[in-house]
Each structure stands twice: as C-alpha cells, then as structure tokens.
Amino acid sequence: MLWLYDTRSRQLEPVVSPGTRVVRVYTCGPTVYRYAHVGNLRSYLLPDLIRRVLERHRVGTVLCQNITDVGHLVDDDEIDASGEDKVLQQARREGRSALEIARFYEDAFRRDTAALNLRPPEYTPRATETIDLMIEMIEGLIEKGHAYALDDGSVYFDARSFPTYGEISGNRLDALKPAHRLEAVDPRKRFHADWALWKGSDRDMTWETPWGRGFPGWHIECSAMSLRFLGEHIDVHTGGKDLRFPHHEDERAQSNASVGHDVVKHWVHGEHLLFDGRKMAKSTGNVVLLSDVEAAGLDPLAVRLSLLEHRYRQQMNLTWDTLQAADRTLRRWRQRVAEWAESPSAPIAEDYRDRAQTALDDDLDTPTTLRVLRELERDESVPPGSRFETFLYLDNVLGLDLSIDIGKPRVAPVLPPGAAELLEARAQAREAKDWPASDRLRDELAALGVKVTDTPEGQTWS
Ligand code: AMP
Ligand code: ZN
C-alpha cells in the first residue's frame with residue numbers, strides 16, 4: 001500500500017487505513033492571475049500521482065483543488081499578508097476586469113493540466129463563489145473565541161488560541177519574530193502573528209458581512225472549501241513546500257479550531273523545481289511555461305516524464321537538455337510499444353510490474369519505476385507481448401500516453417468552465433420534458449464549443 005512522507009510527523013506513513021475504499025485529497029489550487037509555470041505544475045502532479053497509485057490498489061480518491069480568484073495578496077509569505085490583491089493587480093496591468101483575468105487564466109490552467117494528463121479534480125470550487133462558506137466559518141470562529149473583529153470590518157484569527165500552531169513547519173509561535181517591517185504590524189492586533197481572516201475594504205471584489213464590507217484572506221478560503229467539499233476528515237493535503245508556512249499552518253489552525261479536531265491526517269509537500277539552477281518563480285523571471293515547451297517542438301508530456309525522473313520531494317533542476325532527452329525517450333517508448341503491440345499477446349511481466357509498483361508505494365519513487373521500465377525495455381528474455389502489457393499497465397500511473405501510436409487520442413477532452421453545470425441543467429430540463437430550455441442550453445453549450453448529442457442512454461458531448 002502507498003506510504004508517503006508526512007511533513008507534520010516527519011516520517012513515512014501509510015495513507016490508507018485498513019478497510020478504506022476512498023481517500024480524500026485536498027490540494028491548494030492556483031491563484032489565477034498568470035499562466036502556471038512548470039514549477040507550479042510539478043506541485044499539481046503530486047496529487048495526480050497519489051490518486052493514480054491508489055487506483056492501482058482499487059482505492060478511489062476524491063480530489064478537491066480550489067481556484068483562488070480573490071484574496072491572495074502580494075506579500076503572501078508574511079504571516080499576515082499585505083499589499084495588492086494579485087488578481088486585481090494583474091487586471092489593472094492588462095486593463096481588464098478582475099473576473100475576466102481570473103476566468104482567462106483559469107481556462108489556461110485547465111488546458112495546461114489537461115496537456116500534462118493531470119486528471120481533473122472532482123471539485124474545483126472558486127473562492128468568489130464560496131464567500132458564504134467563509135463568512136459562516138468566520139462567524140463560528142468569532143463565537144468560539146478564536147477570532148476577533150476590528151471596527152474597520154477586519155477579522156483576525158487569535159493565533160495564541162490555537163496551542164499546536166507550528167506543528168507542520170516547526171515555526172512555533174513563541175519563536176516567531178514580528179514582521180521584518182515592524183511598522184506594518186497593525187497595533188490593533190492582539191498579537192503580532194495574528195492573521196486576517198477577513199479584510200475590511202470597499203475596493204473592487206468585496207462583499208457585505210456582519211462586520212462590514214471586505215474580502216476574505218487567502219488562508220480561510222482553503223479551510224472553508226476543503227471542509228465543505230471533503231468534510232471534516234481529509235486524508236491527504238498537498239502543496240508545494242513554500243505553502244507549509246504560513247498558509248498551511250493558518251489553514252490547519254482555522255479548520256481544527258472550527259470543528260474541534262485535526263481535520264487533515266497527512267500533510268504532504270512537494271519540493272521546488274529549479275530551472276538552470278535557480279528556483280522557478282515569476283519574481284525572478286526564471287519561468288518556463290508549457291506553451292514554451294510546445295513552441296520548442298517538444299511534447300508537453302516530456303515535462304511530465306522529466307518531472308517523474310525525480311521523486312516529488314527531491315529538489316530538481318530542469319534544463320532544455322533534460323526536456324529534449326525526455327522527448328526523445330517518449331518517442332522511442334511509443335514506437336516500441338507500437339511494435340510490441342504487433343506481437344502475440346502474452347501475460348504481464350509480474351516481477352517487473354511488482355518492482356515498479358513497490359517503488360511507487362514507497363513514497364512515490366518514480367525514478368526507480370522509470371529505471372525498471374528502462375530495464376524491461378532492454379530485456380530480450382521477456383516476450384514483446386509481455387513488455388507491451390507491462391508498459392501499458394504502468395502507464396496508467398505514469399500518464400505518458402505510451403500507446404499513442406496505436407490509436408489512443410492524445411489528450412482526453414476537458415469541459416470548459418461552466419459547461420458541466422449547463423450539461424446538468426440540460427439533463428434536468430430533458431427529464432422535465434422542457435424542450436425549449438433543453439434547446440437553449442444546447443445552444444449555450446455550442447457557444448462554449450461543446451457539441452451535445454442525444455442518445456437513448458442520455459446526452460453525450462464532444
Ligand atoms: P500559486 O499559484 O502561486 O499559489 O502556486 C501554486 C503552487 O505552485 C503552490 O503549491 C506552490 O507551492 C507551487 N510552486 C511555486 N513555485 C514552485 C516551484 N518552483 N516548484 C514547485 N512548485 C512550486
Ligand atoms: Zn490552500
């Protein structure tokens with residue numbers, strides 16, 4: 001069974017308890033104000049691998065990955081972030097509305113993740129559409145004495161009311177220094193490390209609350225959305241390692257204080273991706289996008305293969321050379337799989353499969369899995385039909401489309417935002433025999449590029 005390194009307990013732990021059929025996973029989703037770079041995408045590969053490995057064990061997963069379209073401020077590594085909202089800042093720069101920016105980059109994110117064969121999460125709630133949940137949760141925290149409102153409409157979490165603060169990152173409250181910009185600490189806060197759950201403001205993208213008009217803090221968004229969509233017991237929570245503090249510490253404090261127990265069982269963090277030796281980050285200008293990789297004539301899945309060459313919690317350095325090498329490997333493997341497909345069928349090579357599976361179960365040791373595949377590729381004692389079966393079996397986890405040359409479409413189609421809701425509404429309209437509504441919804445779907453066909457089994461789309 002799958003074991004993962006738990007950041008909080010600082011040891012490997014089994015992710016599935018005996019008898020469990022479904023594992024609930026939450027991942028902090030993108031802030032949709034720019035294109036995701038391949039460093040960001042490395043962090044989203046982690047939950048995809050977890051769910052694919054668990055599926056091999058016949059354990060299902062439910063993944064929730066939020067969309068942050070408001071509330072993520074520029075200084076997000078400070079315990080109490082300040083500065084402009086990242087989405088609003090970008091809207092100002094591009095001369096578009098905040099919502100236009102957010103939807104545009106959300107669409108781009110969906111395209112990138114689909115091109116990397118990251119399976120769509122079951123839930124992708126948007127912060128702007130779950131404000132009620134946050135208000136409800138903040139009200140509860142005030143009632144329980146974990147939060148306090150100021151007269152400008154801001155609400156702060158009382159950090160000292162949560163004694164186990166800091167268990168994930170090791171940043172205990174008593175050791176935390178006030179912000180390096182001391183003058184930035186609001187004197188009305190009870191303690192310098194208290195952070196805003198809600199910021200009083202009447203700027204764009206604000207909402208009315210019992211305390212006044214304002215917008216949510218970034219951390220409360222994840223608490224509210226994870227509790228609503230996955231419930232009070234979440235098996236695995238993932239993110240890039242920079243999210244350990246303050247984001248995940250704050251999220252843990254808010255969620256646990258709301259429900260009275262530990263909500264997340266395992267916190268799992270991915271290491272950073274470097275490019276040409278430096279951390280890939282927008283702030284350093286050291287960014288490669290998936291579109292850059294495609295523009296260079298490489299398969300986007302060469303990025304996926306390059307990332308798999310390192311375990312998720314190993315720092316890794318990507319270069320154009322490694323991407324080109326991965327692209328060549330992909331092409332070679334697809335060609336070989338297509339050749340082996342012509343041979344008589346033969347059973348899977350169990351020893352190779354088991355070695356690869358064991359490596360994956362061991363904290364997602366993908367480099368070893370790839371070494372096993374390379375060895376199998378060269379092992380002429382294994383019948384081609386067996387090599388074919390084994391490559392395909394393992395490709396279910398690796399997600400490299402190794403059977404592309406034998407007729408499988410490259411990328412599974414993904415519904416554009418809003419289309420799932422329209423399809424659902426249309427199914428209901430048809431059940432109620434409301435044909436005008438059904439036709440109108442079909443036109444709306446067509447406008448989104450989704451063609452609906454009615455069959456005796458119900459509607460299908462392409
Ligand atoms: P953001 O959209 O900025 O909130 O970041 C999305 C995700 O990407 C977070 O989980 C970050 O931890 C992660 N991330 C940012 N930079 C890198 C990097 N260079 N390598 C890996 N993950 C990263
Ligand atoms: Zn989060």
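**Entry 1: a buried charged pair**

I began with Arg126, which forms a salt bridge with Glu106; the closest N and O atoms are 2.9 Å apart. Arg126 sits in the loop between helix 3 (98-115) and helix 4 (131-143), while Glu106 is in helix 3, so this pair ties together parts that are 20 residues apart in sequence. I noted that the model is predicted.

Are the two partners buried or exposed? I looked up both, and Arg126 and Glu106 are each buried.

I then asked which residues join them in a network. Asp69, Arg103, Glu106, Arg110, Arg126 and Glu129 are linked by salt bridges. As a reminder to myself, side chains of opposite charge can pair when their charged atoms come close.

**Entry 2: other salt bridges**

How many salt bridges are there by the rule I used? The count comes to 38. I picked out two more.

One is Asp152 with Arg188, where the closest N and O atoms are 3.3 Å apart. Asp152 lies in the loop between strand 5 (147-149) and strand 6 (155-157), and Arg188 lies in the loop between strand 6 and strand 7 (195-200), so the pair ties together parts that are 36 residues apart in sequence. I checked accessibility next. Asp152 is partly exposed at 35% relative accessible area. Arg188 counts as partly exposed too, at 40%.

The other is Glu309 with Arg374, with closest N and O atoms 2.9 Å apart. This pair links distant parts of the chain, 65 residues apart: Glu309 is in the loop between helix 8 and strand 13 (316-318), and Arg374 is in helix 11. Glu309 is partly exposed at 26% relative accessibility. Arg374 is partly exposed, with a relative accessible area of 22%.

**Entry 3: helix 11**

Arg374 took me to helix 11. I tested its length. Helix 11 has 13 residues (366-378), and at 1.5 Å a residue it should span 18 Å. Its end C-alpha atoms are 19 Å apart, which agrees.

Which residues of helix 11 are buried? I listed Thr366, Pro367, Thr369, Leu370, Val372, Leu373, Leu376 and Glu377.

Cys222 counts as buried at 1%. His247 is buried, with a relative accessible area of 1%.

**Entry 4: ligand 1**

How many residues surround ligand 1? There are 17, and the closest are Gly39, Ser43, Asp242, Leu273 and Met280.

I then went through some polar atoms. A nitrogen atom of ligand 1 lies 2.8 Å from a backbone N or O atom of Met280. An oxygen atom of the ligand is 3.0 Å from a side-chain N or O atom of Asn40. For Gly240, a polar backbone atom is 3.0 Å from an oxygen atom of ligand 1.

How values were computed
Residues numbered from 1 in each chain as written. Chains lettered and ligands numbered in written order. Predicted model: local features only at pLDDT ≥ 70, side-chain atom pairs only at ≥ 80, totals over all residues. Heavy atoms only, no water. Helix = DSSP H or I, 4+ residues; strand = E, 2+ residues; numbered from the N terminus. Expected span 1.5 Å × (residues − 1). Buried < 20%, exposed > 50% of the residue type's maximum accessible area, 1.4 Å probe, protein only. Salt bridge = Lys/Arg side-chain N within 4 Å of Asp/Glu carboxyl O. Near = heavy atom within 4 Å. Polar contact = N/O pair within 3.5 Å; in protein donor to acceptor, adjacent residues only side chain to side chain.
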